Amino acid sequence: MVFHAIGVWLLVISVPLWAYRWFAFSKLTGRERLAFKRLIKRRHENSFGFALRVFGFLVALAMSVILLVLGLRYFKQGSLELGTFRDTMRGRLYSGLEPVDQALNTFHYDQWLPIAILTTCALLSVAFTLVATALRDISVMGRLRKRLSNIGDRKD
């Protein structure tokens with residue numbers, strides 16, 4: 001439940017960040033745009049690679065927690081059963097819109113637990129990558145403009 005809320009809030013935050021990123025990019029001159037693209041390509045990691053690393057880390061973390069919980073369940077009850085996500089987690093995220101809630105039930109809460117965990121990890125990795133990439137680009141554009149303006153001031 002907490003991870004779903006974090007993923008949704010990161011997606012919500014990414015929308016204004018990307019809007020500002022595109023606005024800041026449109027304000028760059030042609031020379032600044034070329035320098036920005038070169039900086040991102042040469043010095044920073046590809047966003048898809050970053051998202052895959054985050055996804056892999058989250059899956060490994062989730063699987064280690066599941067193995068720990070299953071091991072404790074086996075010692076306590078003597079069984080290793082995996083049910084649906086709905087059977088395991090009691091808290092749920094509701095939007096208040098009937099079609100959205102039905103889609104959440106079908107595609108997430110009624111899924112087998114490992115599949116639901118993989119979709120949650122995918123949501124978190126995509127949302128975190130969107131926010132991190134937008135913040136990185138905004139920061140690089142600000143530093144680039146500052147450096148290029150300092151170089152322009154020195155020539156005068």
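Helices (H or I, at least four residues) and strands (E, at least two) are DSSP runs, numbered from the N terminus. The model shown is predicted: local features need pLDDT of at least 70, side-chain atom pairs count only at pLDDT 80 or more, and totals for chains, interfaces and linings use all residues. Residues are numbered from 1 along each chain as its sequence is written, and side-chain values use heavy atoms, with hydrogens and water left out.

**Figure 1. Overall fold and confidence of the predicted model.** The secondary structure consists of six helices and zero strands, in the order α-α-α-α-α-α from the N terminus. The predictor's confidence in each residue, pLDDT (from 0 to 100), averages 81 over the protein, and 78% of the residues score at least 70. Among the elements, α1 has the highest mean pLDDT (89), and helix α4 (residues 85–88) has the lowest (58). Accessible areas come from the Shrake-Rupley method with a 1.4 Å probe, and for residues only the protein chains shown count as cover. The protein exposes about 10,800 Å², of which carbon and sulfur atoms supply 67%. Residues are classed as buried (under 20% relative accessible area), exposed (over 50%) or partly exposed (in between), with a 1.4 Å probe and protein chains only. Of the 156 residues, 29% count as buried. A contact means heavy atoms within 4.5 Å. Of the contacts with a separation of 6 or more, 79% are between residues 24 or more positions apart.

Figure 2. Side chains of opposite charge can pair when their charged atoms come close. The criterion for a salt bridge is a side-chain nitrogen of Lys or Arg within 4 Å of a carboxyl oxygen of Asp or Glu. The whole structure contains three salt bridges. One of them pairs R21 with D137, with 2.8 Å between the closest N and O atoms. This pair links distant parts of the chain, R21 in helix α1 (residues 2–26) and D137 in helix α6, 116 residues apart. R21 counts as buried because its relative accessibility is 9%, and D137 counts as buried at 3%. D137 also meets R136 in a salt bridge (3.0 Å, N to O). Both R136 and D137 are buried. Through shared partners, salt bridges join R21, R136 and D137 into one network.

**Figure 3. The salt bridge between R145 and E32.** The closest N and O atoms of R145 and E32 are 3.7 Å apart. R145 lies in helix α6 and E32 in helix α2 (residues 30–43), so the pair ties together parts that are 113 residues apart in sequence. R145 is partly exposed, with a relative accessible area of 37%, whereas E32 counts as buried at 10% relative accessibility.

Figure 4. A pair of aromatic rings is described by the distance of the centres and the angle of the planes. Rings of Phe, Tyr and Trp (its six-membered ring) pair if their centres lie within 6.5 Å; planes under 30 degrees apart count as stacked, over 60 as edge-to-face and the rest as tilted. The count by this rule is six aromatic pairs. Y20 and F23 form a tilted pair, 6.4 Å centre to centre with 40 degrees between the planes. Y20 and F23 are three residues apart in helix α1, so about one helical turn separates them. Y20 is partly exposed at 45% relative accessibility, and F23 is partly exposed at 46%. The ring centres of W22 and F25 are 6.1 Å apart and the planes stand at 85 degrees, so this pair is edge-to-face. W22 and F25 both lie in helix α1, three residues apart, about one turn of the helix. F25 is buried, with a relative accessible area of 11%. W18, W22, F25 and F36 are linked by ring pairs into a cluster.

Figure 5. T133 is found in helix α6 (residues 113–155) and counts as buried at 8% relative accessibility. Not counting residues up to four places away in sequence, T133 touches W18 and S47. F3 is found in helix α1.
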